[in-house]
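Please look at the sequence and the structure before reading on.

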Amino acid sequence: MKNDYKKEGLGYLAIMFAMLFWGLSFVWIKHLLNNHFPVFTIVAIRLLIASAVFITLLSLRKKLQRVERADYKDFLLLAFFEPFLYFIGEDFGLKYVDASYAAVIIALIPIVISITMYFAEKAPIRWEFVVGTLVSVVGVLMLTLGPNGQMSFSLKGTMLLSIAVLSASGYSVLLTRLLKKYSPATVTTWQNFIAIPFYIPFILIFDIKQWPAMIWDSSTILSLLCLAILCSAGAYMLYSYSVKQLTVTKTCIFTNLIPIVTLLAAASIGQETFTQMKFWGILVIVIGVTFSQMTVKLKATPGK
């Protein structure tokens with residue numbers, strides 16, 4: 001029992017660090033975009049660095065498991081769903097809708113994952129989780145809504161964001177299955193490596209003409225290294241570890257904490273302003289996420 005509590009505690013610690021790294025990633029990405037790095041190039045470079053570093057380190061320590069032929073398809077689909085398809089849906093979706101609208105759609109991912117896991121893996125849907133997720137969605141809306149209180153709607157943008165939501169669900173199912181046979185480090189390493197070729201056509205079509213304008217200096221190189229080591233490798237590995245200890249349905253809602261980390265990091269360097277509404281939004285998100293982790297036992301009616 002004591003060992004179970006320790007594993008659960010480590011699972012929660014891992015997911016908190018994963019959210020910290022993913023939340024900071026938006027600050028580093030914005031810095032690279034301001035220095036004329038194209039989106040697909042950023043993703044491909046971070047995946048390449050992450051793969052090279054982790055394949056080398058894990059191979060030297062003999063911790064990198066060989067993928068069985070029967071699992072090739074699952075690893076290919078895992079990398080296709082995330083990072084590839086998820087980033088395509090999210091990044092292109094943001095071109096057609098407000099960030100606040102996109103944040104709310106993305107914040108619904110935990111509920112979609114819960115429903116998907118119910119049908120795919122017979123995982124129970126807990127009402128505390130659903131209520132907690134919906135509360136956190138309200139908090140995300142409060143955190144991201146602009147001063148005019150309006151959001152722009154676009155069918156194309158909604159469809160693209162829906163692709164991100166569905167890809168996250170498919171990723172969760174496959175991740176749960178693969179973690180039964182492989183370590184989080186192995187899954188993350190091969191996931192990143194396999195995803196790289198998916199981006200090559202997009203780089204050739206959209207990015208290559210912008211390469212001469214990219215500004216290479218110590219700050220952009222540091223941003224790329226942080227994205228690669230902390231986000232593409234570290235955060236995904238920590239997330240996978242948390243899924244293994246807590247289950248994906250308990251872990252996935254923590255992604256709604258990402259806007260909090262991004263806001264606080266951006267505010268600390270003057271990219272965002274911190275308002276009273278955003279403070280209440282943070283509080284509501286934390287309450288929702290906390291409630292989702294509880295197991296509330298309702299009292300039975302006497303005599304029944």
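The chain holds 12 helices and zero strands. Read from the N terminus, its elements follow the order α-α-α-α-α-α-α-α-α-α-α-α. The model is a predicted one.

## Overall form

The chain is as compact as a globular protein of its length, because its radius of gyration is 20 Å, close to the 19 Å that the globule rule gives for 304 residues. The C-alpha trace spans about 75 × 55 × 35 Å along its principal axes.

Contacts also tell how the chain is arranged in sequence terms. Among contacts between residues at least 6 apart in sequence, 88% join residues at least 24 apart.

Of the 304 residues, 48% count as buried. The chain has an accessible surface of about 15,700 Å², and carbon and sulfur atoms account for 70% of that surface.

## The nonpolar core

The largest nonpolar core has 84 residues. Within this core, M19, W22, L175, V187, Y199 and Y239 touch the most other members. Helix 9, made of residues 218–246, gives the most to the core, with 10 residues.

Which residues does W22 contact, leaving aside its neighbours within four places in sequence? They are C231, A235, Y236, Y239 and I258. One of these, Y239, is also listed with W22 among the core residues that touch the most other members.

Methods. Residues are numbered from 1 along each chain as its sequence is written. This is a predicted model: local features need pLDDT of at least 70, side-chain atom pairs count only at pLDDT 80 or more; totals for chains, interfaces and linings use all residues. Side-chain values use heavy atoms; hydrogens and water are left out. Helices (H or I, at least four residues) and strands (E, at least two) are DSSP runs, numbered from the N terminus. The radius of gyration is taken over C-alpha atoms; the globule rule is 2.2 Å times the number of residues to the power 0.38. Buried means under 20% relative accessible area, exposed over 50%, partly exposed in between (1.4 Å probe, protein chains only). Contact means heavy atoms within 4.5 Å. Accessible areas come from the Shrake-Rupley method with a 1.4 Å probe; for residues, only the protein chains shown count as cover. A nonpolar core is a set of buried Ala, Val, Leu, Ile, Met, Phe, Trp, Tyr and Cys residues joined through side-chain atoms within 4.5 Å.
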